Amino acid sequence: MRHLGIDFGTKKVGVAVSDEGGQMGFPHSTLKNDDQLLANIVSLIRANDVEAVVVGESRNLAGEENPVAKEAKVFAEKLQVETGLPVHFEPEVFTTQEAGRGFDGERGAMKDVDASAAALILTSYLTRHGNH
């Protein structure tokens with residue numbers, strides 16, 4: 001079962017796609033958060049035979065929803081209505097910072113940080129929930 005992961009941001013949205021077995025997420029692309037975002041994500045879902053979506057659930061250090069989380073939930077609802085697919089949320093804490101580090105720990109080494117963050121979110125979800 002293939003999943004799509006989303007790292008939702010107010011300006012850019014990172015996207016990741018899992019392998020067919022739903023075991024691990026891989027960076028796919030970064031999209032502009034504009035009027036075409038929903039259509040672009042729906043197109044990716046159809047092109048990749050995605051069966052479920054995982055959206056990063058953004059919270060502040062106190063564990064409360066931040067403004068981005070509210071926008072992400074509204075987007076997730078629209079996506080679920082448009083596609084009919086299940087949309088799950090996975091906590092994301094420091095995923096963008098983690099994605100921005102290279103394999104040697106050097107900051108700024110990864111080029112597509114948002115897509116890499118989406119892959120981390122997706123892989124975390126798949127690891128915790130297994131393939132279902």
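This is a predicted model: local features need pLDDT of at least 70, side-chain atom pairs count only at pLDDT 80 or more; totals for chains, interfaces and linings use all residues.
Begin by selecting the five strands, which form an open sheet in the order β3-β2-β1-β4-β5 with mixed pairing. Colour β3 (25–32) and β5 (87–92) separately, since these are the edge strands, each of which pairs on one side only. Looking across the sheet, you will find neighbouring strands turned against each other by 25° on average, with direction ignored.

Show the residues Val13 and Leu31 here, where Val13 stands opposite Leu31 in β3.

Helix α4 (residues 113–129) lies across β1, β2, β3, β4 and β5, and runs at about 45° to β2. Helix α1 lies across β1 (3–7), β2, β3 and β4 (52–58), and its direction is at about 150° to β3.

Finally, keep α1 (residues 37–47) and bring in α2 (residues 67–83), whose axes come within 11 Å of each other and cross at roughly 50°. That angle makes α1 oblique to α2, and the crossing of the two helices is right-handed. To see the contact itself, display the side chains of Leu37, Leu38, Ile41, Val42, Ile45 and Arg46 on α1, together with Phe75, Lys78, Leu79, Glu82 and Thr83 on α2. Colouring this contact by residue class gives seven nonpolar, one polar and three charged residues.

Technical notes: Residues are numbered from 1 along each chain as its sequence is written. Side-chain values use heavy atoms; hydrogens and water are left out. Axes are lines fitted to C-alpha atoms, for helices over the stretch in contact, and angles run from 0 to 180 degrees between N-to-C directions. Helices (H or I, at least four residues) and strands (E, at least two) are DSSP runs, numbered from the N terminus. Angles under 35 degrees count as roughly parallel, over 145 as roughly antiparallel, 65 to 115 as roughly perpendicular and the rest as oblique. A crossing is left-handed if the near helix is turned anticlockwise from the far one by less than a right angle, and right-handed if clockwise. Contact means heavy atoms within 4.5 Å. Ala, Val, Leu, Ile, Met, Phe, Trp, Tyr, Cys and Pro count as nonpolar, Asp, Glu, Lys and Arg as charged, and the others, Gly among them, as polar. Two strands pair if DSSP finds at least two bridges between them.
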